[in-house]
Amino acid sequence: MTTTTTFTARDTAFVQDFRTMSAFGATGNGGVDRQAATVPDGEQRHWLTGLLEERGFTVKFDRAGNQWGLYEAVPGAPFVVVGSHMDSQPTAGRYDGAYGVLAAAHAAFRLADRWKRGAEAPKFNLAVVNWFNEEGSRFKPSMMGSSVYTGKLALEDALNTEDPAGITVRDALDAIGCRGDYEGPEAAYCAEIHIEQGRNMEREGITIGLVRSNWAANKYEFAVHGEQAHTGSTVIADRKDALLGASMLVVAARELADRFPGALHTSVGQLNVYPNSPVVVPSRVNLLLDLRSADEAVLAQADTLLHERIAEIERAANVSVEKHHSHSWAVTPYQPEGVELAAKVAADLGLSNREVMTLAGHDSTNMKDLVPTVMLFVPSVDGISHNEHEYTTDEDIVAGLTMLTEVVSRLCDGALEK
C-alpha cells in the first residue's frame, strides 16, 4: 500500500468531503445506515446534487432512480460513465460504494478543470453516476439501477418491487424526490473504483487492484413450508418444523463450502420466520442462499449437490421447500484492453498493482456487458466489509482517486479507440 502522507489541497478537499458524506445516516459505531430510498439516502443524494452543481455539472435522475452528474465538453458525444453507489446495508461501513461515487465526482472535477484551463478537448463527455439500490438490502434484487440501465431488468418490474413493509420502489423514490424522467446518457465506456472487501491486497502491500473478472454466482430464495404447532405439547415426531428445515439448509450451505475449500463461498444472509412466536413451531421460513465460485464447474457441481440435499432435508424435517431463483451471473471477464490501460496508468503513477478478481457483485459487472469497463480496487484494512468497522486509509483512498482520475482522462481522450 502507499505510505505517503503528503496531500495536495485537492486531496485534502476530497478527504473532507468524504467525512461530510459519512455523516449522512451515521451510526454510533462509526458506520452508516443508508438503505436505498430511505431518508438518509435522500439526504446524501441531494447533498451530492449540490456538490456537482457547484462545479458546473448538470444533475438528473432517471426513471429508475439513478443519479447522473453530466459534464458535456463535446456536444452530442457519448459519455464515459464513472461512479458506484451510495446506498448501504442496515449497519454498514462508510466506504463500500460511497467512496467510488465521491472519487468519481472529484476525478470529474479535476478533469473538467483541466479542460477549462485549456487542455486539449476530450473525445467523450463525462457522467458521474450514483447507481440506485446496488446493495439490495431493502429492495431485491441487488444492482437494481444498473440492471435497468443495461436492459437486464424491466423498469416497471423494478418500480413495482416492494420492501418488507409493502412500500414500492416507485413510492420510495417519489418520497425522497429522486425519481426523474431522464433516460440516462449514452455510454461509451465505464469506470468504477471500490474497496476490495477482502484482505489480499493489504497483505501483499498492493495499492491498486486491476479487476480482470468476476466470480460466478447463483442466488436463490427458498420458502420452507411446515405446519404451526405448540412448541410444548406437540410430539416431536408429529412436527413439521419449517425452521428446522431452514436450519438444515444453512448447515448444508456451509458444508458445501467446506467441501470445496477456497473454491466456493456460500452463505445464508437473511431469514424471515413466521409466525416468529416463542411458543409456536414455525410454519414458514423464507431465506436467501447464495453460492459463488471463480470456477463454473465447481459452482455447477455445488448447485447439484445443494438440490440433492434439499430432497433429503424435506424428508428429514417433514417439510416442503419451494425454490425461487433470485438471480445469477457467470464468470465474465472485464475487457482485457481496459485492464491493460489501467496497468499502464498505475505504472506511470508509480502505484503498486496486480490483477485481481472480484468475489462480490458490482454495478460495473452489469456495465461491462454493455461497454468496455475498467474496475479498480483499493485495499480494505483486515478485509472488513458490510460492517461498521470497515476501513481504508486516507492514503489509499487518495491514491485511488489519483489512479481513477488518470484512467478516466485516458478513456475520455479515446485511449481504447486507439
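This is a predicted model: local features need pLDDT of at least 70, side-chain atom pairs count only at pLDDT 80 or more; totals for chains, interfaces and linings use all residues.
Residues are numbered from 1 along each chain as its sequence is written, and side-chain values use heavy atoms, without hydrogens and water. Local features need pLDDT of at least 70 and side-chain atom pairs pLDDT 80 or more, while totals for chains, interfaces and linings use all residues.

**Cores.** A nonpolar core joins buried Ala, Val, Leu, Ile, Met, Phe, Trp, Tyr and Cys residues through side-chain atoms within 4.5 Å. Buried means under 20% relative accessible area (1.4 Å probe, protein chains only). The largest core has 65 residues. Phe14, Leu126, Leu376, Met403, Leu404 and Val408 have the most contacts inside it. Helix 3 (residues 98-116) gives the most to this core, 13 residues; helices are DSSP runs of H or I, at least four residues, and strands are E runs of at least two, numbered from the N terminus. Val408 touches Val80, Val82, Leu111, Leu126 and Ala191 (heavy atoms within 4.5 Å), leaving aside residues up to four places away in sequence. A second, separate core of 26 residues includes Phe222, Ala253, Leu264 and Leu306.

**Cysteines.** The structure holds zero disulfides, a disulfide being two cysteine sulfur atoms within 2.5 Å. The sulfur of Cys412 is 12 Å from the closest cysteine sulfur, in Cys190, so the two are too far apart for a bond.

| Residue | Relative accessible area | State |
|---|---|---|
| Cys178 | 0% | buried |
| Cys412 | 0% | buried |

How values were computed. Buried means under 20% relative accessible area, exposed over 50%, partly exposed in between (1.4 Å probe, protein chains only).
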